[in-house]
Amino acid sequence: MSAGTTGYKRLRKPEETRMRIRKHDSDEPSYPMTALLVDSVDANRHLEHQILESIGIQTEPANNAHEAMQLLLSGVNFDVIFVDFDLPMISGPQFVMDMRVLGIQSKIIGMLSNFNGHNSQMFFEAGVNGNTQKPLTRETFEHIFQIIRIM
């Protein structure tokens, strides 16, 4: 080793770190809206969950309609519920009809991989407030929430 070298990596000074720490003010609400995300595909649900949380929406993911219904029947309320069209055991539109029969008043957004007139119409007849095409992006979610706020 040459003079002055210790064999250890140089530690960064605090001002060199790139991490930004956001201080949370305890008086301000952490999430202005809550959402239930019902999607049976793990990768999709994880990505959608991350996007929603990144725009400040507190999100509860559910793997299927049964899991989501258990949450709703326990008395948990959500501002908006995102429902995938292709759910196992029960279709997205059928799940939406079941929620509406139970008196669930949350805004419901149908999510469609195969966005066509027939599938979209099925969701609207079931009682959704709107539909969107998958895959969802941050911009899609931001647009949806702008529309929901003025409804």
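The model is predicted, so local features need pLDDT of at least 70 and side-chain atom pairs count only at pLDDT 80 or more, while totals for chains, interfaces and linings use all residues. Residues are numbered from 1 along each chain as its sequence is written, and side-chain values use heavy atoms, leaving out hydrogens and water.

**Overall make-up**

- The protein chain has 5 helices and 5 strands, where helices (H or I, at least four residues) and strands (E, at least two) are DSSP runs numbered from the N terminus.
- Read from the N terminus on, the elements run β-α-β-α-β-α-β-α-β-α.
- Of the 151 residues, 35% count as buried, meaning under 20% relative accessible area with a 1.4 Å probe, protein chains only.
- Among contacts (heavy atoms within 4.5 Å) with a separation of 6 or more, 60% are between residues 24 or more positions apart.
- The accessible surface comes to about 10000 Å², and carbon and sulfur atoms hold 52% of that; the areas come from the Shrake-Rupley method with a 1.4 Å probe.

**The sheet and its helices**

- Strand 3 and strand 4 run parallel and are joined by 5 bridges.
- Within this pairing, Asp84 stands opposite Met111 in strand 4.

**The nonpolar cores**

- The largest nonpolar core has 21 residues, and Ile81, Val83, Phe95 and Met99 have the most contacts inside it; such a core is a set of buried Ala, Val, Leu, Ile, Met, Phe, Trp, Tyr and Cys residues joined through side-chain atoms within 4.5 Å.
- At least two residues of this core come from each of strand 1 (33-38), helix 2 (65-73), strand 3 (80-84), helix 3 (92-101), strand 4 (107-112) and helix 4 (117-126).
- Helix 2 supplies the largest share, 4 residues.
- Apart from this core lies another, of 15 residues, including Met33, Ile51, Ile109 and Leu136.
- Val83 touches, among others, Val38, Phe95, Met99, Ile109 and Phe123, not counting residues up to four places away in sequence.

Key. Buried < 20%, exposed > 50% of the residue type's maximum accessible area, 1.4 Å probe, protein only. Pairing = 2+ DSSP bridges.
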